[in-house]
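Subject: Model handover and findings

Hello,

Here is the structure we discussed. Please look it over, then read the notes below.

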Amino acid sequence: MSHLSPERRQRCERLIALYPEKRSALIPLCHIAQEQDGYLSEPAMVEIAAMVGVTPAEVQGTATFYDMLHTEPVGTYVVGVCTNIACLLAGGDELLAHAEGALGVRAGGTTEDGVFTLEETECLADCDIAPCVQVNHRYVRTTTPEALDGLLAELRAGDRADEIPTHGTLIRVERTTGLTTDPEAIAAERAAKREEAGA
Amino acid sequence: MSLTDAPRIVTARTGFDDSYTIDRFLATGGFDGLRKALTMTPAEVCEQVDAASLLGRGGAGFPAGRKWSMLRKSDVSYLVINGDESEPATFKDHLLVEGDPHQLVEGVVIASYALQVSQAFIFLRGEFALGLERVQTAVNNAYAAGALGQNIFGSGFSLDIVVHPGAGAYICGEETSLLESLEGKRGFPRIKPPFFPAAIGLYGEPTVVNNVETVSNLPWIVLNGGAAFAALGEGRSTGTRLFALSGHVRNPGVYELEMVKHSFRDLIFSPTLGGGVPSGTGVKAVIPGGVSAPWFYEEHLDLPLGQDEVAEAGSMLGSGSIVVMDETTCMVKAAWRITRFFSRESCGQCTPCREGSGWLERILFRLENGQGRREDLDLLLDLCDNIAPGLAWPPQQTTICVLGPSIPSSIHSSISRFRDEYLQHVTEGRCPHA
């Protein structure tokens with residue numbers, strides 16, 4: 001019995017086919033599992049392991065290395081406030097403190113209703129609009145406490161759902177073609193050419 | 001010094017609202033560089049890149065042409081684009097990935113043709129959700145236009161590009177860590193030698209890893225010739241470069257400037273660029289090339305923005321990101337925050353980096369919060385010395401990768417220059433800026 005939906009399983013299979021080695025699809029597959037469950041659940045990790053040919057422990061051991069992969073449930077909206085150097089100079093600490101007050105959780109925590117998880121992040125590469133805030137890895141460009149309050153209210157009301165999908169949905173654009181080249185055939189052709197040139 | 005009228009090479013389209021669309025791309029010379037490249041031999045394309053003297057734009061500044069020439073001959077080899085952009089205060093590739101994804105794809109096809117690889121990967125940091133969508137769209141468009149896939153534009157050359165999302169780890173910007181991550185593993189940098197993935201890279205095969213900005217220059221270089229590129233800038237620093245300016249300036253942003261022809265002062269104070277320091281106070285310190293770089297001060301502001309010029313002055317142009325800190329900034333807090341970043345992002349393989357970064361962070365934290373001791377300053381420097389012996393620049397290394405020896409930069413810089421400010425935290429028992 002598959003934990004991932006049939007549609008997602010198909011996407012996983014298409015992704016695996018893009019890589020010379022299956023294991024390369026491990027992280028993209030983890031993103032797809034997060035899209036379904038909102039986080040990287042145990043049954044999903046077991047299924048990914050089987051698909052890419054590693055043990056479930058290897059999936060977990062890899063996933064826990066990366067900040068974006070959550071092995072525990074998180075909120076529908078993961079709000080990340082950057083406090084790294086450029087944002088620090090622009091009041092990142094103060095904005096994070098305001099977010100903690102507004103949501104009633106400390107950084108790292110999830111609101112009781114499960115709508116928001118607040119994270120203090122490292123640099124998100126948008127330092128000219130500082131402090132930088134992302135929701136579900138989408139730049140929202142709210143740099144003041146007032147703007148952040150407005151954003152949280154809009155998210156709660158569902159007004160930004162089109163622009164900011166629920167947590168886990170990362171890439172909404174599907175690849176439209178599979179591989180068109182056959183690396184093995186190309187390698188064989190090159191080897192033959194070289195042999196010809198050498199002979 | 002006035003601004004030069006050098007052309008905008010990589011940001012020519014980003015002024016348009018629809019710069020990321022295939023329509024804008026095709027209406028503004030899109031794929032012209034690729035079409036021309038395909039009429040040349042791969043060796044001729046490499047010659048143009050050599051003639052351009054294009055230095056890698058990721059941070060190390062290694063000549064791209066030389067990196068290409070090191071690719072070991074093999075039946076299978078790969079090109080991997082490093083779009084992990086995570087060096088704090090670096091946000092130039094962000095602009096290119098979201099603003100001109102087709103130019104990036106065109107550059108990747110040109111590089112792949114020059115290197116004769118049939119599979120390329122574009123690795124983008126996972127936090128670039130919009131960028132991932134735009135680059136995937138650009139790849140889809142390129143396939144539909146015949147610029148990707150089999151027999152590209154009838155040339156007989158075939159290539160597939162796979163867009164690969166990261167999952168949040170600074171260390172994956174280190175090229176061997178990136179390859180590990182692309183293989184579906186933890187982002188642990190690989191032991192050197194081999195120093196270059198061109199010998200042993202992805203899946204053990206020869207691999208070239210190039211930065212997003214580096215390959216985005218290729219369509220222009222092919223169209224206009226390497227000599228035209230090399231005519232811009234001075235010495236080894238040719239062409240234009242993206243500078244990401246942030247911190248205490250009126251107009252933070254990404255500026256494409258001719259290399260060497262402008263100074264830090266131009267970038268920070270010119271009304272058409274940074275616009276000066278809003279508080280009206282002076283510049284207390286400048287980070288010239290990402291937080292791994294030793295700091296600069298007022299007396300360095302007239303240095304030109306060139307790779308060798310900055311290196312000779314004891315720092316690095318690195319990722320081209322420049323952070324301005326005005327007189328109101330607490331140097332202890334700045335150093336602490338940067339050190340905490342390294343502590344959080346250390347992959348954990350090497351003891352000096354893993355343990356050292358944590359110790360340094362905790363000592364800086366107690367100093368910043370008024371709990372420090374006088375002898376903490378020497379303790380900090382001693383720990384830094386254990387990570388990068390001699391505290392020289394470029395640093396000595398006790399670790400597998402350069403993350404470790406990057407840690408001392410902000411600490412060594414701030415203590416050397418602002419020892420009194422550190423001591424003030426100790427004697428007053430609090431941060432004087434709080």
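Helices here are DSSP runs of H or I with at least four residues, strands are runs of E with at least two, and both are numbered from the N terminus. By that rule, A:Gln34 sits in helix 2 (residues 26-37) of chain A.

Two points on conventions. This is a predicted model, where local features need pLDDT of at least 70, side-chain atom pairs count only at pLDDT 80 or more, and totals for chains, interfaces and linings use all residues. Residues are numbered from 1 along each chain as its sequence is written, chains are lettered from A and ligands numbered from 1 in the order in which they are written, and side-chain values use heavy atoms, with hydrogens and water left out.

Setting aside neighbours within four places in sequence, A:Gln34 is in contact with A:Tyr39, A:Leu40, A:Met68, A:Leu69, A:His70, A:His167 and A:Gly168. Contact means heavy atoms within 4.5 Å.

A:Leu15 belongs to helix 1 (residues 6-16) of chain A. At 21% relative accessibility, A:Leu15 is partly exposed. Beyond four places in sequence, A:Leu15 touches A:Ala25, A:Pro28, A:Leu29 and A:Ile32. A:Leu15 and A:Leu29 are 14 residues apart along the chain, with 7.9 Å between their C-alpha atoms.

Chain B, strand 3

Strand 3 (residues 160-165) of chain B has six of its six residues buried, so it is largely enclosed by the rest of the structure. In a regular strand the side chains alternate between the two faces of the sheet. Here B:Asp160, B:Val162 and B:His164 point one way, while B:Ile161, B:Val163 and B:Pro165 point the other.

Strand 2 (residues 119-124) of chain B runs parallel to strand 3 of chain B, and six bridges join them. Two strands pair if DSSP finds at least two bridges between them. B:Phe121 has B:Val162 as its bridge partner in strand 3 of chain B. The chain gets from strand 2 to strand 3 of chain B through helix 7 (residues 129-144) of chain B, in a right-handed β-α-β crossover. Right-handed means a clockwise path from the first strand over the helix to the second, with the strands pointing away from the viewer.

Domains

Domain bounds come from an automatic or database domain assignment. Chain A has domain 1 (1-73 + 169-199) and domain 2 (77-157). Their C-alpha centres lie 31 Å apart. Chain B has domain 1 (22-230), domain 2 (240-326) and domain 3 (331-428).

In chain B, the C-alpha centres of domain 2 and domain 3 are 23 Å apart. The contact takes 14 residues from domain 2 of chain B and 15 residues from domain 3 of chain B. These two domains bury about 1,200 Å² between them, 68% of it on carbon and sulfur atoms. Buried area is the accessible area (1.4 Å probe) that two parts lose on being put together, summed over both. B:Lys284, B:Val291 and B:Trp295 supply 46% of the area that domain 2 of chain B buries here, more than any other three residues.

Two salt bridges cross this interface (a side-chain nitrogen of Lys or Arg within 4 Å of a carboxyl oxygen of Asp or Glu). B:Glu421 forms a salt bridge with B:Lys284, with closest N and O atoms 2.8 Å apart.

Between the chains

75 residues of chain B are in contact with 57 residues of chain A. The two chains bury about 5,300 Å², and carbon and sulfur atoms give 56% of that. Six salt bridges are counted between chain B and chain A. B:Glu133 forms a salt bridge with A:Arg138, and the closest N and O atoms are 2.8 Å apart.

Best wishes

Conventions. Buried < 20%, exposed > 50% of the residue type's maximum accessible area, 1.4 Å probe, protein only.
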